[in-house]
Amino acid sequence: MGRSALFVSAFSSLLALCGGCTSIASLHTARPLPVGATEVVFAPGAYVFEDTDDGESETLRFGERVDAGVRTTSFSMLSADVNFAVVKTERFALSIDPSVSYFGLPFSGDFSITYLWLPVLADVYTSDDLTVTVAVKPGYASVDLDDDDDDFWFDESTELLGFGIGARWRIGERTVVLPELNLVTFDDDELGDQRIWTFTLGFAF
């Protein structure tokens with residue numbers, strides 16, 4: 001395979017594997033929502049290789065330390081997460097946020113990816129209008145594809161590791177902005193030297 005053909009194959013593989021990579025964006029802090037609150041978030045996102053993605057999520061609070069959310073991305077990914085606050089004080093919170101995502105191309109039944117994530121989130125700065133959250137996000141991707149498909153040359157499963165920083169900034173009585181920057185790395189012989197940066201800008205209402 002020539003260099004240009006290999007690049008196209010690698011790029012298409014990365015695009016497919018990371019097509020739902022905005023799923024790594026938590027779009028929430030380590031601190032769960034107040035009791036009884038429901039929050040809807042709309043968030044356009046971008047990859048460093050200029051692929052764009054739009055998503056929408058909804059979060060529901062169940063108790064003092066737990067909330068859960070569901071998310072759709074470009075009508076091709078469905079995600080769900082449960083955020084559990086391990087430590088919660090007035091100015092600091094630490095939580096785990098187990099998440100699962102399913103990515104399938106609507107025009108092809110021969111390709112899908114299931115992501116499992118176990119993010120650890122920490123609110124490192126909290127004020128009345130601004131919270132800054134950092135995260136470590138280990139994960140795993142399982143690829144289900146047609147055995148005869150030669151376009152995808154990476155292993156059918158790979159471990160992932162993500163790092164993120166985000167903010168929750170209240171800019172009005174009812175509007176909150178949630179910018180978030182994430183880095184994804186791969187534990188795969190073919191993709192081990194690849195890095196994917198994603199930026200997501202969420203708006204909560």
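These questions and answers walk through strands, a core, a ring pair and a pocket in a predicted model.

Residues are numbered from 1 along each chain as its sequence is written. In this predicted model, local features need pLDDT of at least 70, side-chain atom pairs count only at pLDDT 80 or more, totals for chains, interfaces and linings use all residues, and side-chain values use heavy atoms, with hydrogens and water left out.

Me: Why does Ile113 count as buried?
Reply: Buried means under 20% relative accessible area, exposed means over 50%, and partly exposed lies in between (1.4 Å probe, protein chains only). Ile113 counts as buried because its relative accessibility is 0%.

Me: How many of the seven residues of β7 are buried?
Reply: β7 is mostly covered. Its buried residues number five.

Me: Which residue of β9 is the bridge partner of Ile113?
Reply: Two strands pair if DSSP finds at least two bridges between them. β7 and β9 pair in the antiparallel sense over seven bridges. In β9, the partner of Ile113 is Val143.

Me: What separates the C-alpha atoms of Ile113 and Phe103?
Reply: β6 (residues 99-104) and β7 run antiparallel, joined by six bridges. Phe103 has Ile113 as its bridge partner in β7. The two residues are 10 apart along the chain, and their C-alpha atoms are separated by 5.1 Å.

Me: What is the angle between the planes of Tyr115 and Trp117?
Reply: Both residues are buried. Their rings lie 6.3 Å apart, centre to centre. The pair is stacked, with an angle between the planes of 10°.

Me: Which residue in β10 stands opposite Thr131?
Reply: β9 (residues 130-145) and β10 (residues 157-170) run antiparallel. They are joined by 13 bridges. Opposite Thr131 stands Arg168.

Me: Through how many residues does a hairpin join β10 to β11?
Reply: β11 (residues 176-187) runs antiparallel to β10, with 10 bridges between them. Gly164 stands opposite Asn182 in β11. The residues of the hairpin link number five.

Me: How many charged residues are in the lining of the largest pocket?
Reply: On a 1 Å grid over the protein atoms alone, a pocket is an open set of points with protein on both sides within 12 Å along at least five of seven lines; lining residues have an atom within 4 Å of a point. The lining has 25 residues, with Leu33, Pro34, Glu39, Arg168 and Arg170 nearest the centre. Asp, Glu, Lys and Arg count as charged, Ala, Val, Leu, Ile, Met, Phe, Trp, Tyr, Cys and Pro as nonpolar, and the others, Gly among them, as polar. Eight lining residues are nonpolar and eight polar, and the charged ones number nine.

Note on methods:
Helices (H or I, at least four residues) and strands (E, at least two) are DSSP runs, numbered from the N terminus. Rings of Phe, Tyr and Trp (its six-membered ring) pair if their centres lie within 6.5 Å; planes under 30 degrees apart count as stacked, over 60 as edge-to-face and the rest as tilted. On a 1 Å grid over the protein atoms alone, a cavity is a set of points where a 1.4 Å probe fits but cannot get out, and a pocket is an open set with protein on both sides within 12 Å along at least five of seven lines; lining residues have an atom within 4 Å of a point.
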